[in-house]
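Visitor: I have a structure open here and would like to walk through it with you. Could you keep the answers plain?

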Amino acid sequence: MTSSRLRALALFAALSLAAASPSSRAFAQHPPPTAADLETARDLNRQGKELRAQGKILEALEKFKAAHDLGRTPVTGIELARTHAMLSQLVEAREVCLGIARMPVASDETERSVTARAEAAKLADELRPRIPSVLVRVTGVPPGKTPTITIDKRPIPVAAIGQAQKVNPGAHEIVAKVENGPESRVSIDLKEGETRDVALVVQPPPDNTSSDPALAGPAVPPTTPKNKVTMIGFTVAGVGVVVGAMSGLLASSKKSNLDVACGAQKKCGPDAYDDLDSARTWATVSTVAFAIGGVGLALGFYGLFSKEKADAKPPTSGARVTPFIGPGSVGVHGAF
């Protein structure tokens, strides 16, 4: 095997891996606020207070949310909690207060922050008895089945079914069902501090079993090794075409440079040897890529159009495709 072909195979493998490998990203935790973040938070906090004084509570809430997200201080938190409470969002208000208590105390914490911590602890205690509860009791569930219950489209975890759920005061819609059975729903209106039991009767899911094959519906064909062969083949074909086209363009560019440097007599001096070797390398890469891409295309169509017998046993090993390059030849070895 010539050095050009060795380099061509290495380049093809590297480009193929780059095309097939997904990139991974790491997500960092919320960074500490910068000086700019804190200054922006102060301004947003001021705007929120002004809007709240004008009675624009919803608009003020958005300002306080942004301020607290940037600043993460007891001062921004207490204003956000107060505004949630004004909108009867008692659950959210208490959670913000508890979050303030979990904040580490800074060595240079201001007196305003100390006061805000104390106010948040007091507000959390005041809010707890004001938060309503609802206990959903579901009957009619078939043995061995677990109902799905949602409150305002928020699903109740399976482990929490049968336990009282904390919600905000106001209107709520509760829905219960079993698998794909019909929904049972009820609307309620809760006052502050109220605890209510809600009973729902669910219907069992429809029985889709039938002894008549004609009523059972078409069987879903199982995934066979042929599907893998098709996927592998078309993937190899796609990568081969892309790499072949790119390397072909590079080879053509190098050839154009050589035509200029070597003249009409096609006689190249030592200065053109590097371009000549590079042109041959990229031409080989293009040839190898298109050849393997063609084999991959044939393999994909083979897997797409070939049919397996219904009672055929699955093979003991998966499909394998191995490209090879030899003196004057190129292709793939396959095992299915």
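Visitor: Where in the protein chain is confidence lowest, and where is it highest?
Guide: Confidence is lowest in helix α1 (residues 3–20), with a mean pLDDT of 48, and highest in α4, at 97; pLDDT is the predictor's confidence in each residue, from 0 to 100. This is a predicted model, in which local features need pLDDT of at least 70 and side-chain atom pairs count only at pLDDT 80 or more, while totals for chains, interfaces and linings use all residues. Residues are numbered from 1 along each chain as its sequence is written, and side-chain values use heavy atoms, with hydrogens and water left out. Helices (H or I, at least four residues) and strands (E, at least two) are DSSP runs, numbered from the N terminus.

Visitor: And what does the protein chain average?
Guide: The average pLDDT is 78, and 66% of the residues score at least 70.

Visitor: Which residues stay under 50?
Guide: Residues 14–28 do, and for them the model has two contacts beyond four places in sequence, a contact meaning heavy atoms within 4.5 Å. Residues 325–330 also stay under 50, and there the model has 14 such contacts. Where pLDDT is low, the predicted coordinates should not be read in detail.

Visitor: Switching to pockets, how much space lies in the largest pocket?
Guide: About 720 Å³, a volume being the space filled by probe spheres set on grid points that are joined across faces, edges and corners. On a 1 Å grid over the protein atoms alone, where a 1.4 Å probe is used, a pocket is an open set of points with protein on both sides within 12 Å along at least five of seven lines, and lining residues have an atom within 4 Å of a point.

Visitor: What lines the largest pocket, and which residues lie nearest its centre?
Guide: The lining has 30 residues, and Leu38, Gly71, Thr73, Pro74 and Ser113 lie nearest the centre. Helices α2 (35–53), α3 (57–71), α4 (74–86), α5 (90–102) and α6 (111–127) each supply at least two residues of that lining, with α2 giving the most, six residues. By type, the lining divides into 12 nonpolar, nine polar and nine charged residues, where Ala, Val, Leu, Ile, Met, Phe, Trp, Tyr, Cys and Pro count as nonpolar, Asp, Glu, Lys and Arg as charged, and the others, Gly among them, as polar.

Visitor: How many salt bridges does the structure hold?
Guide: There are 16, each defined as a side-chain nitrogen of Lys or Arg within 4 Å of a carboxyl oxygen of Asp or Glu. One of them pairs Glu79 with Lys49, whose closest N and O atoms are 3.9 Å apart. That pair links distant parts of the chain, since Glu79 sits in helix α4 and Lys49 in helix α2, 30 residues apart.

Visitor: On to the strands: what is the order in the open sheet of four?
Guide: The order is β3-β2-β5-β6, with antiparallel pairing; two strands pair if DSSP finds at least two bridges between them. β3 (154–155) and β6 (184–190) stand at the edges with a single partner strand each, so one side of each is left without a neighbour in the sheet.

Visitor: What are the bridge partners of Thr150?
Guide: In β5 the partner of Thr150 is Val175, and in β3 it is Pro155. Four bridges join β2 (residues 148–151) to β5 (residues 170–177), whereas two join β2 to β3. The hairpin of β2 and β3 has two residues between the strands, and Asp152 there takes a positive phi near 55 degrees.

Visitor: What about the sheet with three strands?
Guide: That open sheet has the order β4-β1-β7 and mixed pairing, and its edge strands, β4 (165–166) and β7 (195–201), each pair on one side only. β1 (residues 133–139) and β7 pair in the parallel sense over seven bridges, while β1 and β4 run antiparallel, joined by two bridges. Ser133 stands opposite Lys166 in β4 and opposite Thr195 in β7.
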